[in-house]
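Visitor: Please take a close look at one part of this structure and describe how it is packed. I would like the cut-offs given along with the terms.

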Amino acid sequence: MRHTGNTLAAASGASTRELMQRMGHASMRAALIYQHATSERDREIASAMDRRIAKRARHINNPQAGQA
């Protein structure tokens with residue numbers, strides 16, 4: 001249960017520091033065990049990057065947008 005809970009916390013975006021706090025660990029090494037890479041999380045990261053790039057491109061192409 002502990003491993004599953006911390007793996008889910010990591011997949012939900014918890015930082016290494018947050019995982020350390022949740023588990024009561026003093027070392028990053030112990031917390032990193034729970035940060036498994038998943039293809040689902042990889043897609044979420046790629047989508048977030050795409051949104052940031054698109055937002056920046058819109059701003060560059062139309063710097064007056066959003067100004068009142």
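Guide: The axes of helix H1 (residues 2–11) and helix H2 (residues 16–23) cross at roughly 155° and come within 10 Å of each other. Here an axis is a line fitted to C-alpha atoms, for helices over the stretch in contact, and angles run from 0 to 180 degrees between N-to-C directions. Helices are DSSP runs of H or I with at least four residues, strands are runs of E with at least two, and both are numbered from the N terminus. The crossing angle makes H1 roughly antiparallel to H2; angles over 145 degrees count as roughly antiparallel, under 35 as roughly parallel, 65 to 115 as roughly perpendicular, and the rest as oblique.

The model is a predicted one, in which local features need pLDDT of at least 70 and side-chain atom pairs count only at pLDDT 80 or more, while totals for chains, interfaces and linings use all residues. Residues are numbered from 1 along each chain as its sequence is written, and side-chain values use heavy atoms, with hydrogens and water left out.

H1 and H2 cross in a right-handed sense, that is, the near helix is turned clockwise from the far one by less than a right angle, anticlockwise being left-handed. On H1 the contact (heavy atoms within 4.5 Å) is made by Arg2, Gly5, Asn6, Ala9 and Ala10, and on H2 by Leu19, Arg22 and Met23. These residues divide into four nonpolar, two polar and two charged. In this scheme Ala, Val, Leu, Ile, Met, Phe, Trp, Tyr, Cys and Pro are nonpolar, Asp, Glu, Lys and Arg are charged, and the others, Gly among them, are polar.

Asn6, in helix H1, counts as buried at 5% relative accessibility; buried means under 20% relative accessible area, exposed over 50%, and partly exposed in between, with a 1.4 Å probe and protein chains only. Leaving aside residues up to four places away in sequence, Asn6 touches Leu19, Arg22, Met23 and Tyr34.

In H2, the buried residues are Thr16, Leu19, Met20 and Met23. They lie on the same side of H2, because they cover an arc of only 100° around its axis, taken from the directions from the helix axis to the C-beta atoms. These buried residues pack against H1 and helix H3 (28–32). Arg17, Gln21 and Arg22 are exposed on the other side of H2. Just after H2, Gly24 has a positive phi of about 75°.

For context, the protein chain has four helices and zero strands, and 16% of its 68 residues count as buried.
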